Amino acid sequence: MNLRKLDLILSIVLLINSIRLFYLIVTAEDPTPYDYMILFFSTLGAVILFMNSRRRREKEEQSNYIKK
């Protein structure tokens, strides 16, 4: 499987998970700190995957530009 597709799939899964947890926290009467911790790490994971994918794309573009 292409790594870019894998990054995209994992980013979408983490984003959906973050939205779902955020909704649960907002609608919960008494949210626990554990809920906030999961939301934070899910969002952080999505950002890290997005930045890695972006950095990889920039390196590929630079290497393609140098080859031309």
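Predicted model: local features only at pLDDT ≥ 70, side-chain atom pairs only at ≥ 80, totals over all residues.

1. Nonpolar surface patch. Tyr-34, Met-37, Phe-40, Phe-41, Leu-44 and Ile-48 together make up a nonpolar patch on the surface. The accessible area of these residues, taken together, is about 610 Å².

2. Leu-44. This member of the patch is located in helix H2, which spans residues 33–67. Leu-44 has a relative accessible area of 34% and is therefore classed as partly exposed, since that class lies between the limits of 20% for buried and 50% for exposed residues.

3. Ser-42, burial. Is Ser-42 buried or exposed? Ser-42, also a residue of helix H2, has a relative accessible area of 6% and is therefore buried, because buried means under 20%.

4. Ser-42, surroundings. Leaving aside residues up to four places away in sequence, Ser-42 is in contact with Leu-14, Asn-17, Ser-18 and Leu-21. Helix H1 covers residues 3–27. The C-alpha atom of Ser-42 is also separated by 11 Å from that of Ile-12, a residue 30 positions away along the chain.

5. Ile-9. This residue belongs to helix H1. With a relative accessibility of 41%, Ile-9 is partly exposed. How far apart in space are Ile-9 and Val-47, C-alpha to C-alpha? The distance between these two C-alpha atoms is 13 Å, while the residues are 38 apart in sequence.

Note on methods:
Residues numbered from 1 in each chain as written. Heavy atoms only, no water. Patch = residues over 30% accessible without salt bridge, like charges linked within 9 Å, V, L, I, M, F, W, Y side chains within 5 Å. Areas by Shrake-Rupley, 256 points an atom, 1.4 Å probe, with all protein chains shown as cover. Salt bridge = Lys/Arg side-chain N within 4 Å of Asp/Glu carboxyl O. Helix = DSSP H or I, 4+ residues; strand = E, 2+ residues; numbered from the N terminus. Buried < 20%, exposed > 50% of the residue type's maximum accessible area, 1.4 Å probe, protein only. Contact = heavy atoms within 4.5 Å.
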